[in-house]
Amino acid sequence: MPGHILILGGTTEARQLAAELTGPGGEATARVTTSLAGRVARPRMPAGDVRIGGFGGPRGLADWLRTHCVDIVVDATHPFADTISANAAEAARATGTALFALRRPGWTAGPDDQWHQADDLADAAARLPGLGRRILLTTGRLGLAAFAAAPGADRLHFVVRSVDPPEPPLPRHTAVLLDRGPYTVEGETALLRDHTIDVLVTKDSGGPATAAKLTAARNLGLPVVVVRRPPPPDGVRVVHDVAAALRLLCREGGFSRDAADRYP
């Protein structure tokens, strides 16, 4: 068995990578463990071994890397999961474990898009009173206190879409829509029209699964507040797709060439 690969997961790319490393029919080409944070009630489970829950900070993660003889860590968490990414970088340095990040590229505005870039959720909330009154929030179930506390929030109406129920405090006028992508342009257009939305708020998550809302907003001429993603920790290598991750793992001896050969 090749070396032990720990995937910090929760994304589509993490599941795809685990499937490639596990091999056809579940016959492993590498020892693979995917770690999930446990914040989603019914996560989509990857191939291979799975652990759920936190590590207890960078020291706890470092202990786990040592105890389980991990050779390389792939940080394939959500682009906005900056805490676990920072913890992974610190733990990798402390243990001398190889680490790289798998991050899908962010979205790019087109000439017809009306994007307003925000530095964080609080900045996004502060921009809303000047843009519209009915807001579709697609920033996830955490951090909504920034919108509840924003100046003028009592005069705004929010539709909050998330996979699981959002955590309070919520804005005073809030409707919750529980749903999970991928989404279609037709469905997103209908959602925006049915709720008479005039502003969309999203994080720059990237990827096709949730990009349809951007097309729908463009077609309807709606402004979009886009929260910039945090940068990766200093010194951490970044690849942008599963193919590049497989090639890097192959070069560093993490698994056999079977999967990498499919990605020249």
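Here is a short chat about the predicted model shown above.

Me: Hi! What should I know about the model before we start?
Reply: It is predicted, so local features need pLDDT of at least 70 and side-chain atom pairs count only at pLDDT 80 or more, while totals for chains, interfaces and linings use all residues. Residues are numbered from 1 along each chain as its sequence is written, and side-chain values use heavy atoms, leaving out hydrogens and water.

Me: Thanks. How many helices and strands are in the protein chain?
Reply: The protein chain has eight helices and twelve strands.

Me: Let's zoom in. Where is Val73, and is Val73 buried or exposed?
Reply: Val73 sits in strand E4, residues 70-75, and is buried, with a relative accessible area of 3%.

Me: Which residues does Val73 touch, beyond its neighbours within four places in sequence?
Reply: Val73 is in contact (heavy atoms within 4.5 Å) with Leu6, Leu8, Leu65, Thr97, Ala98, Leu99 and Phe100.

Me: Now salt bridges. How many does the count come to?
Reply: The count is eight salt bridges, each being a side-chain nitrogen of Lys or Arg within 4 Å of a carboxyl oxygen of Asp or Glu.

Me: Which partner does Asp75 have?
Reply: Asp75 pairs with Arg103, and their closest N and O atoms are 2.9 Å apart. Asp75 lies in strand E4 and Arg103 in the loop between strand E5 (98-102) and strand E6 (114-118), so the pair ties together parts 28 residues apart in sequence.

Me: Are those two buried or exposed?
Reply: Asp75 is buried at 3% relative accessibility, and Arg103 is buried with a relative accessible area of 9%.

Me: What about Asp113, which residue does it bridge to?
Reply: Asp113 forms a salt bridge with Arg218, with the closest N and O atoms 2.8 Å apart. Asp113 is in the loop between E5 and E6 and Arg218 is in helix H7 (residues 212-220), so this pair ties together parts 105 residues apart in sequence. Asp113 counts as buried at 13% relative accessibility, whereas Arg218 is partly exposed at 32%.

Note on methods
Helices (H or I, at least four residues) and strands (E, at least two) are DSSP runs, numbered from the N terminus. Buried means under 20% relative accessible area, exposed over 50%, partly exposed in between (1.4 Å probe, protein chains only).
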